[in-house]
Amino acid sequence: MKTLKIFGWLSHFLWASMVILSVFFGLLVYSEFNTNNHDNWLITFMGRTIDTNENSLYLISFMITCFVIYLGYFYAITLFNLCVRKFENRIFFHPFIIKQFKTIGIIFITNYILITILDFVFKIHSEQAITSSTNFSESILNKLSAPMGSLIIGFFFLVLSQVFKEALKQKQENELTI
């Protein structure tokens, strides 16, 4: 039980950190879009170089998609915190937990697919001269996803939801046995 308490505190800390970081980075991105002109950025969309007068539209669409991915991770952590709360109350096999684990798995797999698509579709450099230090899109997408990490975590939670579903079924059958 002590381990669950510690784990609960850590997951709540992660959730609170994500809230604080999202506000902080949201303000930084907002200030970047309001103060800088993005005409000198090099943006390619599906291999086609975008005109400098359309850069802002593509950059904003990229950032909004990244924000949706981040919100997905935030929602998954929120669902996981709710499951930890149930575990702390010694409720392990409940349909709510099974549903939340399945949702968390789907979120991680969906985010992995979205990040892979974004990486394929967008190449954004903060300057016209292409160097590794100007690769804005790669830097953001690497922060959002560890290679294959989201996919593995997603499959883990899907498997975990099936295990809990089967355990709930076994528990119900055992309660009916005399």
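**Exercise 1. What does the accessible surface of the chain come to, and what percentage of that surface belongs to carbon and sulfur atoms?**

Solution. The accessible surface of the chain comes to about 11300 Å², and 69% of this belongs to carbon and sulfur atoms; accessible areas come from the Shrake-Rupley method with a 1.4 Å probe, and for residues only the protein chains shown count as cover. The model is a predicted one, in which local features need pLDDT of at least 70 and side-chain atom pairs count only at pLDDT 80 or more, while totals for chains, interfaces and linings use all residues. Residues are numbered from 1 along each chain as its sequence is written, and side-chain values use heavy atoms, with hydrogens and water left out. Of the 178 residues of the chain, 33% count as buried, where buried means under 20% relative accessible area, exposed over 50%, and partly exposed in between (1.4 Å probe, protein chains only).

**Exercise 2. State the confidence of the model, for the chain and for its elements.**

Solution. The average pLDDT of the chain is 79, and 84% of the residues score at least 70; pLDDT is the predictor's confidence in each residue, from 0 to 100. Among the elements, the lowest mean pLDDT, 71, belongs to helix α4 (residues 136-144), and the highest, 89, to α3.

**Exercise 3. Describe the secondary structure and the arrangement of the sheet.**

Solution. Begin with the inventory: the chain has 5 helices and 3 strands, which follow one another from the N terminus as α-β-β-α-α-β-α-α. Helices (H or I, at least four residues) and strands (E, at least two) are DSSP runs, numbered from the N terminus.

Next, take the sheet, which is open, has 3 strands in the order β2-β1-β3, and shows antiparallel pairing. Because β2 (48-49) and β3 (122-125) stand at the edges with a single partner strand each, one side of each is left without a neighbour in the sheet. Strand β1 (residues 42-45) pairs with β2 in the antiparallel sense over 2 bridges, two strands being paired if DSSP finds at least two bridges between them; Phe45 stands opposite Arg48 in β2.

Finally, place the helices: helix α2 (residues 55-88) lies across β1, β2 and β3 and runs at about 115 degrees to β3, whereas α3 lies across β1 and β3, at about 65 degrees to β3. Axes are lines fitted to C-alpha atoms, for helices over the stretch in contact, and angles run from 0 to 180 degrees between N-to-C directions.

**Exercise 4. Is Asn111 buried or exposed, and which residues does Asn111 contact beyond its neighbours within four places in sequence?**

Solution. Asn111 belongs to helix α3 (residues 95-121) and is buried, since its relative accessible area is 4%. With those sequence neighbours left aside, Asn111 is in contact with Ile69, Gly72 and Tyr73, contact meaning heavy atoms within 4.5 Å.

**Exercise 5. How many salt bridges does the structure hold?**

Solution. There are 2 salt bridges, each being a side-chain nitrogen of Lys or Arg within 4 Å of a carboxyl oxygen of Asp or Glu. One joins Lys123 to Asp119, with the closest N and O atoms 3.5 Å apart; Lys123 is partly exposed at 35% relative accessible area, and Asp119 is partly exposed at 36%. Another joins Lys169 to Glu166, with the closest N and O atoms 3.7 Å apart. Because Lys169 and Glu166 are 3 residues apart in helix α5 (residues 149-176), about one helical turn separates them. Lys169 is partly exposed at 40% relative accessibility, and Glu166 is partly exposed at 38%.
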